[in-house]
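Okay, thanks for coming, everyone.

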Amino acid sequence: RYSLFYNHLKNIEESEGGLDKFTKSYKTFGVNQLADGGIYCKEWAPGAEAVFLAGDFNGWNPSSHPYKKLEYGKWELFIPPEDGQSPVPHGSKLKVVIRAQNGALLYRISPWARYVVRDEDKVNYDWVHWNPPQSYIHKNPSPKRLKSLRIYESHVGIASPEGKVASYKNFTYNVLPRIKDLGYNCVQLMAIMEHAYYASFGYQVTSFFAASSRYGTPDDLKEMIDVAHSMGITVLLDVVHSHASKNSEDGLNQFDGTDSCFFHSGYRGNHQLWDSRLFDYANWEVLRFLLSNLRMWIEDYRFDGFRFDGVTSMLYHHHGIGTGFSGDYNEYFGLHVDEDALCYLMLANHMINTLHPECITIAEDVSGMPALCRPVAEGGGGFDYRLAMAIPDKWIQIIKELKDEDWNMGNIVHTLTNRRCEEKYIAYAESHDQALVGDKTLAFRLMDAEMYTNMSVLMPLTPVIDRGIQLHKMIRLITHALGGESYLNFMGNEFGHPEWLDFPRIGNNESYHYARRQFNLTEDDLLRYKFLNAFDRDMNKLEERFGWLASPQAYVSEKHESNKVIAFERAGLIFIFNFHPYQSYVDYRVDNWHSSLTVAFKYKILLDSDAGEYGGHQRLDHSTEYFSEQYPHNYRPNSIMV
C-alpha cells in the first residue's frame, strides 16, 4: 500500500510539478475570473467530441464559444475582457455544452461549479457564475488544533424550531452561541456540499465544489465559519467522496456523455444499495478533482478538517454489503480490498497534513481496518480519528433486548474500551443515524410516548420518565469518559429531542414538520428537557477543565455484575456508575488510583447525575469530603468509601 502511495506521489512530483500545484487545480478548472477581467475555462471531458460554453452572456448560443482540445481529454477556453470588464457577469447562468460521440448536445453543469441554484418552478439546478465585486473577507484566525474534541454534529437546514429550511445566517446567530454555551468546541457540518435531493441528508452530492444554496450564499457560509472561529469553535465538513449522485442534468454522472469519465463503467461504477455512482480512484483526473476539492474547502471557506463519509464502502470492493467484520486480519488484507481507494485516502491525508497540518480528518469506518489512524509514513491511512461505531449499536441492543437487571457491566466496559492501540476514536452514544425516521434516539427508546405527556414538571414524575432521564445522563457520561479520545453528539439529542427526523418527501406529503430541531423546549422552565440540556453542558465543561479525552485510556477498577457498578479512573478523576435498577449503596468501597501509602488524598463530588438541577433525586450531600485510606481493595493499596 505504501509503495502504491509513494509511486502516486512520485508521479505527481514529476508530471504535475508537485502536490501543491496539482491540488490547486480548483483555481484553473471550471470558469475562473482573471485579473484583467477575462475568463479562463477548463474542463476534463475525455469522451466529448467538442465542448462549448453557453449562457446568459452569449444568448445561450451553443456554438459561439468553443473550447480548444488539449492532451489527455482536457479542454480550455479563454474569453477576453470587454472594455476591461468581465464578459460573464456575476450572477449570470452558464452551461458547459458537450457534443457527445453520438452527436447529441448535452447541457451540463461544470463539475467545478462554485454556485448552483434551483428556481422554485424547476426540478433541476442551474449553474450561476459566482464572482461578487467584494467577496467575504475572513476576520478571525482558525483555532489551534484541539487536544480534546467535543463535536456537535449539525445540519444547517434543520437547525430551527420552525418547519422550514433554515439558513446559514440563522445558524450563525442562533445556533453557534448555543453550541458554545453547551461546551462543545467543534461543529461538524452535514449536507453542505450541494445535493439536489434534500431528503438525502446531503449524501447524494451533485456539485462537489458548491456550498448548498438552499441555506444562503457562499459568503453566508464563510461568515458562519468566521464567527465560529471567533468563538474558538473548530469547524469540520462532512465530506462525501465515497460516491456521487446519479443525476446527469445537474450532477457528475455522464458528464461527457459516457458511462465512465469520473466513475468506473458498468457494474463496478454503481452502488447497489445507495443507487449512486462510484469513483474510479485509479484515474489521474479523478485524483486531481477530489484532492483539489478538499483543498478548496480548506482554503476558500476555512474549514478546519473533514469527516470522511462512507469509508468502509471505499475500502472494499464489496463495499461492506452483506459483510460482517470480526477483527480477523484476513478481512482487511486481500484482493477484496480496493487498494486504489485506500491509496486515495492516504494521498488526501498526506496532502492535508503537508499543506495544512492544523487540520483534522476523521474516518467513518465500521470495519475496523487496522492502521487507518496511523501516519501514512508508517503505511497507515493517515486519519487522526475514527468513529467508534460499535458503541451506539451496543446501547441500542441493551435497551431494546435486556431488562435492567440483566445489563452486563463487563460487556458494556468491553464495548467502550475495545479499540485499536494508538489509534484515536470518537465515542458517541448516538448520532444522526439514530435520529432518522425508522430508527429511535436513546430518549425515545427509553421514554417513548410518555415524552409527549409527562415531561412537564407540573406532572408527577412517572417511573418511565424517571428511568429515562437518569439513564440518558449516565449513558452519555460513561460514553464520554470511557469510550474514546473524542466525543460526538448530534444536535438536539443532548436534551432528548422528542421527535424523529424526517425530511420533506412524497411519503410525508413534503412536510417540514419533522425536519427541525425544537431548541425552544430547553428554554421552557416547566419542561424536563432543561435537565438533560444542563447535564450535557456541565459534562462538557468538566471535560474542558480536566481534559480526560486527551488523557490515556481509563483504568477500570470495577465492573461488578451483581451490584451493577462500574468504576474507573481517568485524568485524575474517579468515575462511579450505579446501573442497578433499584439498589443504592452506603459506604461503598472503591479503590484509589493514588498508590502512595503515606499520603491521604481528599476527594469531592464534581458532577452528580442525581443532582436536582439535572432532574435527579438529590440523594448525595455535595459538601461531603471523601478521604483515601490505606485499605487494600481490588489489588490496590488504597481505597475510599463513598
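So, which hand does the crossing of H1 and H7 have? It's right-handed, meaning the near helix is turned clockwise from the far one, by less than a right angle. Before I go on: this is a predicted model, where local features need pLDDT of at least 70, side-chain atom pairs count only at pLDDT 80 or more, and totals for chains, interfaces and linings use all residues. Residues are numbered from 1 along each chain as its sequence is written, and side-chain values use heavy atoms, with hydrogens and water left out.

Back to that pair. H1 covers residues 2–16 and H7 covers 339–355, and they pack at about 60° with axes 9 Å apart. Helices (H or I, at least four residues) and strands (E, at least two) are DSSP runs, numbered from the N terminus. The axes are lines fitted to C-alpha atoms, for helices over the stretch in contact, and angles run from 0 to 180 degrees between N-to-C directions. H1 and H7 are therefore oblique to each other; under 35 degrees counts as roughly parallel, over 145 as roughly antiparallel, 65 to 115 as roughly perpendicular, and the rest as oblique.

Who touches whom, with contact meaning heavy atoms within 4.5 Å? On the H1 side you've got Tyr2, Leu4, Phe5, His8, Leu9 and Ile12, and they meet Glu339, Asp340, Cys343, Met346, Leu347 and His350 in H7.

Now the other helix pair, H8 (residues 390–401) and H9 (residues 409–417). Their packing angle is about 160°, with the axes 9 Å apart, so they are roughly antiparallel. This time the crossing is left-handed. Ala390, Ile391, Lys394, Trp395 and Ile398 in H8 meet Asn411, Ile412, Thr415 and Leu416 in H9.

On to the sheet. It's open, with 4 strands in the order E1-E2-E5-E4 and antiparallel pairing; two strands pair if DSSP finds at least two bridges between them. E1 (30–33) and E4 (68–69) are at the edges with a single partner strand each, so one side of each has no neighbour in the sheet. E2 (residues 39–44) and E5 (residues 74–79) are joined by 6 bridges, and Ile39 has Ile79 in E5 as its bridge partner. E1 and E2 share 4 bridges, with Gly30 opposite Lys42 in E2. Their hairpin has 5 residues between the strands, and Gly37 there takes a positive phi near 100°.

Technical notes:
Contact means heavy atoms within 4.5 Å.
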